[in-house]
Amino acid sequence: LDEELTERISKEVPSLLIISCGNATNKEGIAFAINKKELNTEVIRWTVTNLIEGRAARLQLNWGTDNNLDIIGVHAPNNTLEKTEFLKRLKTKMMEYNDLKTPIIMGDWNFVEEGLDRSPIHEDDNNVRDAFRELKYKYKLVDGWRAQQPDEREYTYHQKATGSMARIDRIYAHRDVYKYGMNWTTKSCGGISDHDIVVMDILKKGVPYQGKGLEKLYLDVLEY
């Protein structure tokens, strides 16, 4: 998103805080959107850092005591060689920040880890997967949707020309953050993109578990 488009969206949807970090093109660009109805933007603090221009950006979000989120948005290239180099460079850039320890990394990866995430089923380039595997192991990343649905098939991108489908849009969370995640799913974007939206909920640390409550008998039942 460029400044003009960011400003226009902010006026049309005032409940969203749009933070743009790249160019407004179909092939690259990163932006973050904060829902003001969910987070008080006058209280929370955030910092945005461009890691790789148009390809990766970091959002550090403080939303309460001991509740910091470190989110990295990515938009990987389509070209296989460029994609491999991007993943290697992303790992290198992330390692430059000593405070980047438990990230959530999400976005359009433009590749899949396993053939199950493509239709027709086929494996992606080994060099790409190897480069990603190094990043994944370094930051102990968990594909939350796949971890909870190991045998399911669901796709986020549908190519009309060929009929092929792929789950190239994914959310990964550091294993310590993953345990606070829930409701990993995919939702329709309402036609604004040829990609579906990947979604997850994250719980605040320190919030007590709320069960269904105690069962009780009403007095009018006991009278009989």
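These legends accompany close-up views of a predicted model. Local features need pLDDT of at least 70, side-chain atom pairs count only at pLDDT 80 or more, and totals for chains, interfaces and linings use all residues. Residues are numbered from 1 along each chain as its sequence is written, and side-chain values use heavy atoms, with hydrogens and water left out.

**View 1. Arg58 in strand S4.**
Arg58 sits in strand S4. Strands (E, at least two residues) and helices (H or I, at least four) are DSSP runs, numbered from the N terminus. Arg58 is buried, at a relative accessible area of 1%. Buried means under 20% relative accessible area, exposed over 50%, and partly exposed in between (1.4 Å probe, protein chains only). The Arg58 side chain makes a polar contact of 2.7 Å with the side chain of Asp70. A second one, at 3.3 Å, links it to the side chain of Asp99. A polar contact is a pair of N or O atoms within 3.5 Å; within protein, one must be able to donate a hydrogen and the other to accept it, and residues adjacent in sequence count only if both atoms are side-chain atoms. Leaving aside residues up to four places away in sequence, Arg58 also touches others, including Phe32, Val48, Ile72 and Tyr97. Contact here means heavy atoms within 4.5 Å.

**View 2**
Strand S3 (residues 45-52) runs antiparallel to S4, joined by 7 bridges. Two strands pair if DSSP finds at least two bridges between them. Asn50 has Ala57 in S4 as its bridge partner. The two strands form a hairpin with 3 residues between them. In the turn, Gly54 has a positive phi of about 75°.

**View 3. Strands S1 and S2.**
Strand S1 (residues 16-20) and S2 run antiparallel, with 5 bridges. Ser20 stands opposite Ala31 in S2. Strand S2 (residues 31-35) has two faces. Phe32 and Ile34 make up the covered face; Ala31, Ala33 and Asn35 make up the uncovered one.

**View 4. The open sheet S7-S10-S9.**
Here 3 strands form an open sheet in the order S7-S10-S9, with antiparallel pairing. Strand S7 (118-119) and strand S9 (157-158) stand at the edges. Each has a single partner strand, so one side of each is left without a neighbour in the sheet. S7 pairs with strand S10 (residues 165-166) over 2 bridges. Ser119 stands opposite Met165 in S10.

**View 5. The largest cavity.**
The whole structure holds 1 cavity of 30 Å³ or more. Strands S11 (169-174), S12 (181-187) and S13 (197-202) each give two or more residues to its lining. Lining residues include Trp145, Glu154, Arg167 and Trp184. By class, the lining has 5 nonpolar, 2 polar and 4 charged residues. Ala, Val, Leu, Ile, Met, Phe, Trp, Tyr, Cys and Pro count as nonpolar, Asp, Glu, Lys and Arg as charged, and the others, Gly among them, as polar.

**View 6. The second largest pocket.**
About 330 Å³ of space lies in this pocket. Of its 18 lining residues, Asn68, Leu69, Thr102, Val177 and Lys205 are the closest to its centre. Strand S4 (56-62), strand S5 (68-75) and helix H5 (175-178) each supply at least two lining residues. The lining has 7 nonpolar, 4 polar and 7 charged residues. On a 1 Å grid over the protein atoms alone, a 1.4 Å probe fits in a cavity but cannot get out; a pocket is an open set of points with protein on both sides within 12 Å along at least five of seven lines, and lining residues have an atom within 4 Å of a point. Grid points are joined across faces, edges and corners, and a volume is the space filled by probe spheres set on the points.
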